[in-house]
Amino acid sequence: MTTLTPRGRTGRNSGGARIGRPSFLWSMPAITFFALFAIVPLGVVAWLSFNSWDAIGSPHWVGTANWSAMFSDPVFLKSFRITALLTALGIVTQTPVSLLIGVWAAGPQRNRAVLSALYFIPLLMSSLAISVVWVSLLNPYFGLPHELHAVFGAGLFNDGFLFSSPTTAIGVLTFVGMWQWTPFHTLIYQGGARAIPDVLYQAAAIDGAGRVRQFFHITLPQLRNTMMTSVVLMLVGGLTTFDTILVLTQGQPGTSTTSAAYYMYTKAFQSFQFGNASVIAVVLAVFTTLLSLIVVRVSGWDRMRSTQEGI
Amino acid sequence: MAIFRQRLRHGAAASGAALLAGVAVAACGASASAKTTIKAKAASARPAGKITVLVYGDAQNSVEKWEVAQYNKTPEGHKVKAVFESIPGADYQTKLQTIMSTSSAPDIFFNWGGGSIEQFQKAGLLMPLNGMMKANPKLRTSFLPSILNAAKIGKNYYGIPMRGTQPVVLFYDKALLHKDGVPVPKTWAQLLADAKTLKRKGVSVPIADGGGDQWPTQMWFEYVYDRIAGPSLVTDGLAGNRKVWASAASRKALAYIKQLVQSGAFGPAKSWDSVKFTSGQTAQMMVNGISAFELMGSWDYSTIQSQGSTATGTNPPNGPGAAFVKAGKLGWTAFPSIPGGKGNNADLAGNTENYYSVLAKTRYPQAVADFLKIMYTPAFVKNELALGNLTTTKNTPTLISGPSAGWLRWQYELVNHAPHFQLSWDQAYPQTDTNTIHTAVANYFDDLNANQFIKAMEGLRPAA
């Protein structure tokens with residue numbers, strides 16, 4: 001039998017982990033792509049962060065001037081706090097909603113397909129279009145805050161002037177983000193929930209577990225890996241959110257919704273300070289990479305195994 | 001390599017996506033940088049047999065296309081062909097900035113004069129037009145001098161007016177003012193009193209301000225500073241004197257602005273941050289009687305006219321805004337005077353004009369000169385007027401006609417008699433300062449105090 005197994009693989013592997021894995025060459029297209037579109041630009045940006053350049057003529061070397069300027073810029077430091085806040089709010093609001101809808105959508109109910117399809121629509125629209133729609137919907141004089149003044153005038157919503165206070169502006173960004181992105185994460189959870197074998201539920205039902213207990217003791221643990229995937233995607237998406245901010249708040253009021261990605265854009269393409277913008281880009285890239293590495297380590301994503309062993 | 005592979009396999013999806021998104025913006029800039037250095041060598045070789053005309057891409061390009069076609073019919077046009085190119089509006093300045101020192105730089109390009117061309121001039125990329133004007137004096141004498149001056153740097157002219165002038169004026173709702181017995185404000189005190197009366201009579205936001213866009217707020221500063229301190233404060237500031245912002249006149253202007261804001265004339269505190277001009281919200285407020293006044297560039301006439309319109313293409317607007325204008329409800333007046341101030345009441349602020357500037361390295365200066373001649377022909381003026389653009393040639397008044405003739409003539413006289421026409425601050429200062437100015441004016445309306453505003457403005461880089 002051993003002659004049928006490719007040589008060199010069984011020979012080298014003491015454990016079974018690498019059995020059947022293709023050689024390094026197979027990943028060359030991906031590595032080339034990654035190097036060309038991520039590593040090389042990152043290198044250029046890192047170099048640019050030590051230069052002063054306004055897009056006319058050639059960059060000139062200024063040493064660490066950009067770096068010290070940015071690190072003494074209160075807006076720069078604040079923009080990272082805002083980015084962290086928006087990301088955290090995104091995860092906290094989107095996860096429960098998409099988890100519940102996803103699990104529901106995985107079931108065999110009547111009208112499920114129709115409702116799921118309707119619910120999926122926001123994902124098909126461009127972020128810009130979504131943002132433009134919400135700007136009009138939230139107009140204090142002619143939009144929802146005016147029509148539903150009983151709700152929006154209650155104090156929680158800054159009297160309907162949602163873009164005038166930092167709290168409500170952040171609230172709007174979180175809400176629109178949720179509206180836009182839950183369908184996507186719902187889809188991930190739906191797929192995850194569909195893969196859970198029925199026998200588990202049947203066994204639990206025999207043991208007398210109700211719907212709630214089944215959800216907490218079967219569905220949730222079984223969706224652990226799915227949840228990690230979804231959260232990492234939210235994390236990365238949240239850290240680089242830009243388009244909704246550009247249309248909805250433009251970083252305002254004051255600088256209270258100026259996220260790092262948006263601040264980078266204003267530095268580069270409104271102020272033409274490409275050196276300073278590159279500093280933000282580098283910090284953002286390093287920060288994001290570290291964060292996803294931490295998540296991968298802490299969550300044990302790199303040791304991820306099937307949750308269905310033994311079934 | 002094993003570690004690399006391990007990380008790649010598990011972390012790549014996440015960190016790779018983040019890296020890509022994180023550097024995408026700066027990467028665009030980086031590729032342009034590489035281009036710059038390569039193209040610097042090739043720049044002496046400009047394309048043969050053609051000149052490129054680059055304009056801001058929008059609904060008004062029909063006239064610019066006509067200019068190119070017109071030029072191509074002339075004998076010079078048979079030798080050197082003009083080619084029309086455009087960049088969609090929102091990206092215009094950014095993309096122009098990235099191609100100007102490359103071999104794809106246009107021979108002739110659209111701009112706003114002032115700070116929008118200053119960096120190019122400093123980098124030696126622009127051709128002074130004095131020589132062309134000497135050879136063909138009409139290129140200078142056909143235009144209003146104050147307009148030509150707005151594209152003058154030092155002793156040299158760098159721009160030929162090519163669209164229309166857009167002064168900022170105070171728009172108002174005639175019917176609402178009449179109903180509430182409120183006079184059209186000629187003085188600052190009257191404006192304050194009007195706002196108070198209107199508020200009492202239920203006009204919740206007497207003056208509409210698209211604070212969410214920031215730049216509309218800036219217009220109040222431009223006028224109050226002019227009326228109180230005279231034009232020299234800002235022109236000195238532009239010339240590099242940063243001390244002007246802390247002067248007594250500057251503090252006085254800031255106090256006047258704060259007084260108006262705190263009187264509630266713009267609605268409840270910070271409410272303006274939830275309103276934008278660009279999404280048609282202030283026009284909607286004017287048409288629906290939420291507001292009685294709006295300080296805005298002359299383009300607001302057509303913005304208000306097309307409010308709520310469902311007409312497409314070249315069809316006339318058909319919504320509530322069109323009915324509002326047709327019923328004669330829309331009024332306009334010059335910015336009120338401030339007694340005791342140094343500024344002339346006839347001074348203007350706004351977008352002076354749009355200009356064609358010329359690349360210093362152009363291979364065919366004669367062809368360029370021939371092309372620019374079109375900008376003072378009656379046919380050109382008529383075409384622009386038909387689009388609603390108020391040209392700044394001296395022959396314009398004789399060519400005005402049609403339903404909005406009254407509005408256009410009034411503006412022309414305003415511009416013609418203005419002792420000083422201040423280009424919007426955000427365009428007079430170099431592009432690199434725009435963001436600082438916008439943030440400073442917006443935050444002063446919200447909660448900055450005078451000292452904080454002054455400090456922000458002192459951070460502007462001198463323009464000259």
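## Stop 1: a helix crossing in chain A

Select helix 4 (residues 74-105) of chain A and helix 11 (residues 211-222) of chain A: they pack at an angle of about 95°, with their axes 13 Å apart. The model is a predicted one. Angles from 65 to 115 degrees count as roughly perpendicular, and helix 4 of chain A and helix 11 of chain A are therefore roughly perpendicular to each other. Now show the side chains at the crossing. Helix 4 of chain A brings A:Leu99, A:Leu100 and A:Val103, while helix 11 of chain A brings A:Phe215, A:Thr219 and A:Leu220. Colour this contact by residue type: five are nonpolar, one is polar and none is charged.

Stay on helix 11 of chain A and pick A:Thr219, which sits in that helix. Is A:Thr219 buried or exposed? With a relative accessibility of 3%, A:Thr219 counts as buried. Leaving out residues up to four places away in sequence, A:Thr219 touches A:Val103, A:Ile196, A:Tyr201 and A:Gln214.

Return to helix 4 of chain A and pick A:Ser79, which is placed there. A:Ser79 has 0% relative accessibility and so counts as buried. Which residues does A:Ser79 touch, not counting residues up to four places away in sequence? They are A:Thr258, A:Ser259, A:Ala260 and A:Tyr263.

## Stop 2: chain A, backbone details

Zoom out to chain A. Chain A has 15 helices and two strands. Of its 311 residues, 44% are buried. Among the contacts in chain A between residues at least 6 apart in sequence, 65% join residues at least 24 apart.

Next, select A:Ala55. A:Ala55 lies in the loop between strand 1 (51-52) and strand 2 (60-61) of chain A. Check the backbone: A:Ala55 is not a glycine, yet its phi is positive, about 80°. At 1% relative accessibility, A:Ala55 is counted as buried.

Move on to A:His146, in helix 7 (residues 144-147) of chain A. A:His146 has a relative accessible area of 44% and is partly exposed. Draw a distance line from A:His146 to A:Gly160. These two are 14 residues apart along the chain, and their C-alpha atoms are separated by 7.2 Å. Setting aside residues up to four places away in sequence, A:His146 touches A:Pro140 and A:Tyr141.

Then pick A:Gln252 and A:Pro253. What kind of peptide bond joins A:Gln252 and A:Pro253? The bond is cis, with omega about -5°. A:Pro253 lies in the loop between helix 13 (243-248) and helix 14 (260-269) of chain A.

## Stop 3: the largest cavity

The largest cavity holds about 80 Å³ of space.

Colour the lining of the largest cavity by type: four residues are nonpolar, six are polar and two are charged.

## Stop 4: chain B

Chain B has 23 helices and 13 strands. Of the 464 residues in chain B, 57% are buried. For contacts in chain B with a separation of 6 or more, 75% are between residues 24 or more positions apart.

Select B:Lys270, in the loop between helix 13 (248-262) and helix 14 (281-287) of chain B. B:Lys270 has a positive phi of about 65°, and it is not a glycine. With a relative accessible area of 25%, B:Lys270 is partly exposed.

Finish at B:Ala105, in the loop between helix 4 (92-99) and strand 3 (108-111) of chain B. B:Ala105 is buried, at a relative accessible area of 3%. Which residues does B:Ala105 touch, not counting residues up to four places away in sequence? They are B:Arg46, B:Ile99, B:Met100 and B:Leu359. The C-alpha atoms of B:Ala105 and B:Arg46 are separated by 9.2 Å, with the two residues 59 apart along the chain.

Technical notes. Residues are numbered from 1 along each chain as its sequence is written. Chains are lettered from A and ligands numbered from 1 in the order in which they are written. This is a predicted model: local features need pLDDT of at least 70, side-chain atom pairs count only at pLDDT 80 or more; totals for chains, interfaces and linings use all residues. Side-chain values use heavy atoms; hydrogens and water are left out. Axes are lines fitted to C-alpha atoms, for helices over the stretch in contact, and angles run from 0 to 180 degrees between N-to-C directions. Helices (H or I, at least four residues) and strands (E, at least two) are DSSP runs, numbered from the N terminus. Angles under 35 degrees count as roughly parallel, over 145 as roughly antiparallel, 65 to 115 as roughly perpendicular and the rest as oblique. Contact means heavy atoms within 4.5 Å. Ala, Val, Leu, Ile, Met, Phe, Trp, Tyr, Cys and Pro count as nonpolar, Asp, Glu, Lys and Arg as charged, and the others, Gly among them, as polar. Buried means under 20% relative accessible area, exposed over 50%, partly exposed in between (1.4 Å probe, protein chains only). On a 1 Å grid over the protein atoms alone, a cavity is a set of points where a 1.4 Å probe fits but cannot get out, and a pocket is an open set with protein on both sides within 12 Å along at least five of seven lines; lining residues have an atom within 4 Å of a point. Grid points are joined across faces, edges and corners, and a volume is the space filled by probe spheres set on the points.
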